[in-house]
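Student: I would like to go through this structure with you. Please set each label against its cut-off.

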Amino acid sequence: MRRKKELEEQVVQKFPYRCPYCDQPITYDQFNLKVGENEIKCPFCKKKYIKVVSDESPPPQSSPVPAII
Ligand SMILES: [Zn+2]
């Protein structure tokens, strides 16, 4: 007997980000994300936070925000 196991190739998706406040998964399709900082308002807890989108191919000078340690 051959056991047929369906091998579903799992599509590697971007893992849904979760709200840092209420931990609800948020789909960013509803937001028009741009490269840089995006203000996201969580649809669940209505809190705002900043999501930073990094460009796939960053320019040579890609440090607009000084790192404060
Ligand atoms: Zn939230």
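Tutor: Start with the elements: helices (H or I, at least four residues) and strands (E, at least two) are DSSP runs, numbered from the N terminus. By that rule the protein runs β-β-β-β from the N terminus on. It has 0 helices and 4 strands. This is a predicted model, in which local features need pLDDT of at least 70 and side-chain atom pairs count only at pLDDT 80 or more, while totals for chains, interfaces and linings use all residues. Residues are numbered from 1 along each chain as its sequence is written.

Student: Why is D23 called exposed?

Tutor: A residue is buried if 20 or more other C-beta atoms lie within 10 Å of its own, exposed if 12 or fewer, and partly exposed in between; C-beta atoms are placed from the backbone. D23 has 9 other C-beta atoms within 10 Å, so it is exposed. D23 sits in the loop between β1 (17-18) and β2 (25-26).

Student: What makes V53 partly exposed?

Tutor: V53 has 13 C-beta neighbours inside 10 Å, so it counts as partly exposed. V53 belongs to strand β4.

Student: What share of the protein is buried?

Tutor: Buried residues make up 0% of the 69 residues.

Student: What makes the phi of D23 worth a remark?

Tutor: Most residues other than glycine have a negative phi. D23 is not a glycine, yet its phi is positive, about 65°.

Student: Where does K46 lie, and is K46 buried or exposed?

Tutor: K46 is in the loop between β3 (36-41) and β4 (48-53). It has 9 C-beta neighbours inside 10 Å, and therefore counts as exposed. Its phi is positive too, near 65°, in the hairpin of β3 and β4, which has 6 residues between the strands.

Student: How do you know that β3 and β4 pair?

Tutor: Two strands pair if DSSP finds at least two bridges between them.

Student: Which residues does V53 touch?

Tutor: Two residues are in contact if their C-beta atoms, placed from the backbone, lie within 7 Å. Leaving out residues up to four places away in sequence, V53 touches L33, K34, V35, G36 and N38. V53 and N38 are 15 residues apart in sequence, and their C-alpha atoms are 7.4 Å apart.
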